[in-house]
Amino acid sequence: MKAMIFAAGRGERMRPLTDSCPKPLLKVRGRALIVWHIHNLVRAGITEIVINHAHLGSMIEEALGDGAKFGARIAYSPESPALETAGGIAQARHLLGDAPFVALAADIYCPHFDFTQVKNTLAEADMWGKPYAADRRDVAWLYLVKNPAHHPQGDFALNLHTVANAGEPRYTFSGIGVYRPEIFDAIETGTSAKLAPLLREYATRGQVGGELYRGDWTDVGTAERLAQLNAPLA
């Protein structure tokens with residue numbers, strides 16, 4: 001399985017920190033946000049990693065190189081301008097291949113996430129070995145978290161392992177998901193497209209699975225949250 005890390009965001013809410021440093025390279029407890037992810041992916045045996053970038057992207061390439069120092073092989077997908085999440089995936093399709101892949105936001109902090117669990121989420125057949133019809137099988141698997149204070153309304157409901165647009169209780173999308181590449185076929189390379197509408201479309205069809213992740217997780221979207229993570233431990 002391959003992985004894609006979204007690293008093309010400008011980080012407007014993190015300014016002035018991101019005026020001279022891309023958000024994925026901001027450090028939490030001595031390590032760049034994106035490096036936490038790379039270490040966790042490699043630990044799980046996921047060593048082929050695609051990283052998209054736009055703002056100060058050359059700094060990301062200079063810091064990470066070809067990935068050899070992490071035990072990974074990193075390929076880059078530069079964007080100018082940034083193409084949003086689904087657009088970024090469509091742009092990088094030639095690097096991701098035809099098999100399901102895991103994708104994650106560079107600006108989340110989840111130091112204990114075990115990526116071995118993502119490898120068998122999108123099953124091709126039921127428990128008796130009968131293949132799922134193409135229009136019935138899950139095309140995405142999302143990891144949801146309890147709603148943080150800054151996003152109390154959540155994003156999706158979860159019914160057993162089925163993600164739904166409506167219902168209670170609601171949870172927040174963690175930024176980590178597994179996807180079948182064909183769901184991005186309709187997005188033309190080089191165009192900007194958001195991921196959320198695509199996920200909601202397939203959730204309406206009952207083709208998005210998911211589960212609740214209960215480990216440490218923070219959306220490092222503001223300078224204040226970054227400072228809280230780097231504050232001395234009590």
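User: Where is the place of arginine 29?

Analyst: This is a predicted model, in which local features need pLDDT of at least 70, side-chain atom pairs count only at pLDDT 80 or more, and totals for chains, interfaces and linings use all residues. Residues are numbered from 1 along each chain as its sequence is written, and side-chain values use heavy atoms, with hydrogens and water left out. Helices (H or I, at least four residues) and strands (E, at least two) are DSSP runs numbered from the N terminus. Arginine 29 lies in the loop between strand S2 (27-28) and strand S3 (31-32).

User: What is phi of arginine 29 near, and is arginine 29 exposed or partly exposed?

Analyst: Most residues other than glycine have a negative phi. In arginine 29, however, phi is positive, near 50 degrees. With a relative accessible area of 45%, arginine 29 is partly exposed, a class between buried (under 20%) and exposed (over 50%), using a 1.4 Å probe and protein chains only.

User: Where is leucine 160 found, and what is its phi near?

Analyst: Leucine 160 sits in the loop between strand S9 (156-159) and strand S10 (162-164), and its phi is a positive value near 55 degrees. Leucine 160 counts as exposed, at 74% relative accessibility.

User: Which residues does a cis peptide bond join?

Analyst: Most peptide bonds are trans. Here a cis bond joins arginine 15 and proline 16, with omega about 10 degrees, and proline 16 is in the loop between strand S1 (3-7) and helix H1 (17-20). The bond from serine 80 to proline 81 is also cis, with omega near 0 degrees, and proline 81 is in the loop between strand S5 (73-78) and helix H4 (84-91).
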